[in-house]
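I opened my notebook to look up a few things in this structure. Here is what I looked at.

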Amino acid sequence: MPQDDDEDGGGIPARLDRLPWTPRHWVLVGALGAGWVLDGLQVTITGAIAPALQYTQTLALTPQEIGLSASAYVAGAVLGALVFGMLADRFGRRRIFYLTLGLSLLGMAASGLAIGFKSFAIARAVTGGGIGGEYAAINSAVDEWVPARLRGRINLAVNGSYWLGAALGAALSIVLLDTRWFPITIGWRIGCASGGVLGLGVLLVRRSVPESPRWLARNGQAAKAAALVREMEAAAERWTGRPLPPPSRSAAPIAASREGRGRVALLLGRYRRRSALALTLMTAQAFLFNAVFFTYGLVLARFYSVADRMTGHYLLAFCVSNLLGPLILGRFFDSFGRRRMLVVSFGAAGGLLLVVTLLFFFGLLSAWTQTLGWMVVFFFASAAASAAYLTTSEIFPLAMRGFALALFFALGTLIGGVAGPALYGRLIARGSRFALAEGYGLAAVLMGLAALAAARLGVDAERKSLESVSE
């Protein structure tokens with residue numbers, strides 16, 4: 001077995017990148033991606049039950065309060081990402097994704113026990129705090145484990161698994177909101193707390209996920225990192241039945257450890273173009289997804305008179321399209337290229353959104369054709385959003401990867417995600433197609449600007465080691 005156990009861990013990136021895909025990789029990305037499934041489950045169920053929360057038998061929330069509670073969830077995710085993103089760089093990926101998952105479980109349980117707007121909004125903020133912290137730790141770990149030639153498609157698939165959870169949430173909401181199965185006073189509470197069951201399972205699965213070898217090597221634990229890589233190499237040789245090829249000698253090594261001070265200065269100085277790209281991509285996708293998805297149940301009820309118990313059917317179809325986008329388009333981010341596919345995915349989503357907006361404004365859509373329009377738009381938008389996380393994770397050095405991803409997720413979500421649901425909640429409450437169309441139009445413009453930013457500032461990171469891209 002070829003080995004390169006440099007004391008400084010310099011050979012580790014090349015050894016990880018030459019590995020074939022094995023069942024061990026599936027276990028790793030499955031255990032990590034389960035956090036996205038959990039997030040999708042929670043967001044979708046909350047969106048599906050939103051109309052029912054307006055009843056006096058539940059929480060008697062107004063549309064504005066529903067929008068604000070969604071914003072509280074996103075605001076919690078912002079704070080969680082910032083705090084846990086910095087901790088992930090300092091203490092490692094593995095420790096943090098245990099802590100963040102525990103916080104999410106606490107928030108989910110509290111959501112199901114809420115007695116009014118304030119308690120519900122606080123519980124949603126706590127849930128969001130845990131989920132936001134997951135983003136930085138999970139994406140950093142996935143990118144640092146996956147071979148360079150597969151990093152694009154695997155990262156998009158992991159991020160896209162959010163929509164598997166969303167589909168589960170939509171299907172579950174169909175049952176929970178059907179009064180033949182559960183009273184209206186109980187079904188929504190079960191829905192809010194349901195993620196806890198999945199979360200406990202995820203905690204058990206993550207016991208098999210080791211620390212990132214790249215993080216270990218950079219933080220003075222090269223011997224432990226090399227041992228983990230040897231285990232992966234041995235598993236790969238058993239799986240393929242043949243020796244591994246020698247690692248590339250031209251791969252960039254892991255940068256020497258240094259203090260994490262001055263990271264913001266680096267982002268605003270040396271990495272200012274990449275920072276502008278990351279912020280633009282994250283803001284555009286956050287506004288579109290959080291604004292549309294958190295409030296779609298209200299749109300169906302207000303403009304198409306869809307019964308609450310039927311909302312899940314429409315959301316389920318919507319989720320399937322979002323799941324397929326990253327899975328089908330992901331391979332092209334490794335072959336056709338990062339920059340080109342960012343332009344295609346963001347540009348197509350923005351252009352198609354304008355078309356659907358015009359059809360909505362002129363009253364030419366039904367509930368199902370509106371949903372079909374969203375399915376086409378978000379087939380591209382889902383791939384674009386997943387690629388925004390991929391890009392933000394891989395274009396910055398390992399020493400600040402978690403922090404950079406957390407910061408730009410937080411800023412993008414703060415600008416686009418927190419404002420979006422609250423804004424759309426007010427627009428829906430006005431009952432005006434013109435007002436809501438203006439909101440959709442703003443989202444389309446932001447997606448178009450993101451496509452332009454990708455064309456101008458994008459990084460050709462396909463099939464390159466993380467060290468080559470970021471350093």
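The entries below go topic by topic.

**Ground rules**

I am working with a predicted model, where local features need pLDDT of at least 70, side-chain atom pairs count only at pLDDT 80 or more, and totals for chains, interfaces and linings use all residues. Residues are numbered from 1 along each chain as its sequence is written, and side-chain values use heavy atoms, with hydrogens and water left out.

**Entry 1: helix H4**

Next I looked up which parts of H4 are buried (under 20% relative accessible area; exposed is over 50%, partly exposed is in between, with a 1.4 Å probe and protein chains only). The buried ones include Ile-96, Phe-97, Thr-100, Leu-101, Ser-104, Leu-105 and Met-108.

**Entry 2: the largest cavity**

How many cavities of 30 Å³ or more are there? The count comes to three. My terms, for the record: on a 1 Å grid over the protein atoms alone, a cavity is a set of points where a 1.4 Å probe fits but cannot get out; a pocket is an open set with protein on both sides within 12 Å along at least five of seven lines; lining residues have an atom within 4 Å of a point. Grid points are joined across faces, edges and corners, and a volume is the space filled by probe spheres set on the points.

The largest cavity holds about 330 Å³ of space. It is lined by 22 residues, and the closest to its centre are Tyr-135, Tyr-162, Gln-285, Phe-289 and Tyr-389. Helices that give two or more residues to this lining include H2 (23–49), H3 (63–91) and H13 (272–304). H13 gives the most, with six residues.

**Entry 3: a pocket and helix H6**

I moved on to the second largest pocket, which has about 240 Å³ of space. Of its 13 lining residues, Trp-26, Arg-153, Ile-154, Ala-157 and Leu-327 are the closest to the centre. H2, H6 and H14 (311–335) each give two or more residues to the lining.

Is H6 (residues 151–160) mostly covered or mostly open? It is mostly covered, as eight of its 10 residues are buried. Among them are Arg-151, Ile-154 and Asn-155.

**Entry 4: salt bridges**

I searched the whole structure for salt bridges (a side-chain nitrogen of Lys or Arg within 4 Å of a carboxyl oxygen of Asp or Glu) and got 11. In one of them, Asp-334 meets Arg-153 at 3.1 Å, N to O. Asp-334 is buried at 2% relative accessibility, while Arg-153 is partly exposed at 33%.

Asp-334 also has a salt bridge with Arg-338, at 3.1 Å, N to O. Both Arg-338 and Asp-334 are buried.

I then found Asp-460 with Arg-339, their closest N and O atoms being 3.4 Å apart. Asp-460 is in the loop between H18 and H19 and Arg-339 is in H15, 121 residues apart. Asp-460 counts as partly exposed at 35%, and Arg-339 does too, at 24%. Salt bridges that share partners join Arg-151, Arg-153, Asp-334, Arg-338 and Glu-394 into one network.

Which residue has a positive phi although it is not a glycine? I noted Arg-463, at about 60°. Most residues other than glycine have a negative phi. Arg-463 lies in the loop between H18 and H19 (466–470), and it is partly exposed at 49% relative accessibility.

**Entry 5: Val-78**

Last, I checked Val-78, which is in helix H3. Val-78 is buried, with a relative accessible area of 7%. Val-78 and Ile-131 are 53 residues apart in sequence, with 9.4 Å between their C-alpha atoms.

Methods:
Helices (H or I, at least four residues) and strands (E, at least two) are DSSP runs, numbered from the N terminus.
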